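Let's take a walk through a protein together, one stop at a time.

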Amino acid sequence: FLPRLQVLGLCANRRILGGTLTNKSCKIISRACKELRELDLAGQDQVTVAGLKRVFKSCQHLKMFLTSLDLSSKDAVELVCMAPNLITLHTEDPLDAGAYYDIIMATRGRVVPYNEVDGLIELEDLPKSLPRHLGIAYHQSRNQVSSRLNLDMTHPDLVNGWEEEHLWKQI
């Protein structure tokens with residue numbers, strides 16, 4: 001079961017585990033769930049960057065990641081570079097604009113930063129312009145992520161009633 005698991009939502013407000021995750025939990029995830037495509041660790045404040053690095057190193061298929069950890073620019077760039085298939089890094093709190101620029105540059109436009117305050121990051125929000133080819137790559141990735149987020153919010157099989165009601169109130 002776990003070796004084929006592709007989506008794992010362990011955000012603290014879902015109370016799935018009855019407790020908080022730690023770096024030890026990340027070690028288990030990294031060993032048991034190598035096929036992960038999506039991982040939600042929002043609200044798991046006992047997990048550190050070291051635990052995340054272990055997951056990112058082992059879960060090479062990871063495409064979407066959500067965290068509430070306060071990442072430094074350096075840590076965010078290092079994490080996204082460890083995951084060759086990552087297309088979005090979703091943080092609850094905004095990173096600084098320089099970090100977004102660095103993430104997009106380091107991943108050649110592949111990773112789309114997203115946060116709860118600003119939503120999907122726009123190129124106009126960056127402190128300086130990207131080279132044209134990276135801007136095009138970023139827009140392609142951003143469109144892909146935007147489509148996925150819209151699907152998640154509207155598809156009845158992917159959103160339960162309670163979450164849908166509360167999510168739509170926030171939008």
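We will begin with the overall layout and then visit a few spots along the chain.

Please keep in mind that this is a predicted model. The protein chain has six helices and six strands. If you start at the N terminus and follow the chain, its elements come in the order β-α-β-α-β-α-β-α-β-β-α-α. The chain has 171 residues, and 41% of them are buried.

Now let's look at charge on the surface. Which residues gather in a patch of positive charge? They are Lys-24, Lys-27, Arg-31, Lys-34, Arg-54 and Lys-57. Two helices stand out here: α1, which covers 23-32, and α2, which covers 49-58, each supply at least two residues of this positive patch. The helix that gives the most is α1, with three residues. Take Lys-57 as an example: you will find this residue in helix α2. Is Lys-57 buried or exposed? Lys-57 counts as exposed because its relative accessibility is 64%, and the cut-off for being exposed is over 50%.

Asp-70, Glu-92, Asp-93 and Glu-116 gather in a patch of negative charge. To find Asp-70, go to the loop that lies between β3 (64-67) and α3 (73-82). Asp-70 has a relative accessibility of 68%, so Asp-70 counts as exposed.

The structure holds one aromatic pair. Its partners are Phe-56 and Phe-65, and their arrangement is edge-to-face. The ring centres are 5.0 Å apart, with 85 degrees between the planes. The label edge-to-face applies because planes over 60 degrees apart are counted that way. Are these two residues buried or exposed? Both Phe-56 and Phe-65 are buried, in contrast to Lys-57, which is exposed.

Our last stop is a detail of the backbone. Where is Arg-108 found? Look in the loop between α4 (97-106) and β5 (112-115). The phi angle of Arg-108 is near 55 degrees, which is a positive value in a residue other than glycine. Arg-108 is exposed too, because its relative accessible area is 54%.

Technical notes
Residues numbered from 1 in each chain as written. Predicted model: local features only at pLDDT ≥ 70, side-chain atom pairs only at ≥ 80, totals over all residues. Heavy atoms only, no water. Patch = residues over 30% accessible without salt bridge, like charges linked within 9 Å, V, L, I, M, F, W, Y side chains within 5 Å. Areas by Shrake-Rupley, 256 points an atom, 1.4 Å probe, with all protein chains shown as cover. Salt bridge = Lys/Arg side-chain N within 4 Å of Asp/Glu carboxyl O. Lys, Arg positive; Asp, Glu negative; His and termini not counted. Charge placed at Lys NZ, Arg CZ, Asp CG, Glu CD. Helix = DSSP H or I, 4+ residues; strand = E, 2+ residues; numbered from the N terminus. Buried < 20%, exposed > 50% of the residue type's maximum accessible area, 1.4 Å probe, protein only. Phe/Tyr/Trp six-rings, centres within 6.5 Å; stacked < 30°, edge-to-face > 60°.
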